[in-house]
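Student: I have the sequence and the model open. Can we go through the inside of this protein together?

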Amino acid sequence: MNRRFSLIDKLVISLDRGLKTLVPGSASPRRSNPADTYGEALLDDSPRHTTGLMRINHTGEVCAQALYHGQALTAKDPAVREAMQHSADEEVDHLAWCEQRLNELGSHTSRLNPAFYAASFTLGALAGTLGDKISLGFVAATEEQVCKHLRDHLTQLPPEDHKSRAILQQMLEDESAHASKAIEAGGQDFAPGIKEVMTLASKVMTRSTYYL
Ligand SMILES: [Fe+2]
Ligand SMILES: [Fe+2]
């Protein structure tokens with residue numbers, strides 16, 4: 001059944017989704033963690049580089065949630081709104097898996113997550129107001145960006161860290177499907193110039209959350 005939500009309803013739902021994204025331990029995945037099939041390998045005592053990479057990926061998922069939530073708030077076509085929400089639900093798995101891995105590695109999620117959530121939510125909501133073609137194009141371009149990071153991180157993980165690798169590989173598969181789905185649903189393929197600006201913006205996130 002399709003319920004019509006008032007603006008207040010939507011804002012309360014958005015707040016609830018935001019808290020579920022930002023409060024540690026509150027994301028509940030639907031699929032089992034692909035890392036669970038592997039035992040913990042003997043890793044370096046201080047896997048700083050791996051925790052930095054996994055923290056970047058976790059914040060990437062926080063941003064993905066925020067983008068989808070923002071777009072769902074303003075998307076015009078109900079089918080697009082639903083597709084955005086469906087993708088956001090799938091990203092919850094990624095969010096929970098990355099958080100679990102960071103905990104296992106004895107590290108923490110980024111302290112900058114609330115700021116990145118707020119920025120991405122605003123961007124998503126703006127994209128939603130520009131129309132579904134732009135909004136879906138933005139999803140596709142963002143997912144392409146995420147795929148690039150994931151491929152790069154997969155080459156940087158220690159070979160014995162099968163758990164982190166299993167998570168990133170499953171994420172890569174999902175994100176690339178999200179990108180194709182957004183284009184198939186009518187999203188615009190952005191010009192390389194716009195994608196370059198997005199790459200620059202993503203560098204701000206990756207450089208800071210690696211440490212913080
Ligand atoms: Fe994701
Ligand atoms: Fe995705």
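Tutor: Helix 2 and helix 5 each supply at least two residues of the lining of the largest cavity. Helices here are DSSP runs (H or I, at least four residues), numbered from the N terminus. This is a predicted model: local features need pLDDT of at least 70, side-chain atom pairs count only at pLDDT 80 or more, and totals for chains, interfaces and linings use all residues. Residues are numbered from 1 along each chain as its sequence is written, chains are lettered from A and ligands numbered from 1 in the order in which they are written, and side-chain values use heavy atoms, with hydrogens and water left out.

Student: Which helix gives the largest share of the lining of the largest cavity?

Tutor: A cavity is a set of points on a 1 Å grid, over the protein atoms alone, where a 1.4 Å probe fits but cannot get out; lining residues have an atom within 4 Å of a point. The lining includes Gly-60, Glu-61, Tyr-68, Val-139 and Glu-175. The largest share is 5 residues, and it comes from helix 2.

Student: What is the volume of the largest cavity?

Tutor: The count comes to 1 cavity of 30 Å³ or more. Volume is the space filled by probe spheres set on the points, which are joined across faces, edges and corners. For the largest cavity that is about 80 Å³.

Student: Which cysteine does Met-54 touch, not counting residues up to four places away in sequence?

Tutor: Contact means heavy atoms within 4.5 Å. Met-54 touches Arg-101, Leu-102 and Ile-167, among others.

Student: How many disulfides does a search of the whole structure find?

Tutor: A disulfide is a pair of cysteine sulfur atoms within 2.5 Å. For Cys-98, the nearest cysteine sulfur, that of Cys-63, is 12 Å away. The search finds 0.

Note on methods:
1 Å grid on protein atoms, 1.4 Å probe; cavity = no way out; pocket = protein on both sides within 12 Å on 5 of 7 lines; lining within 4 Å.
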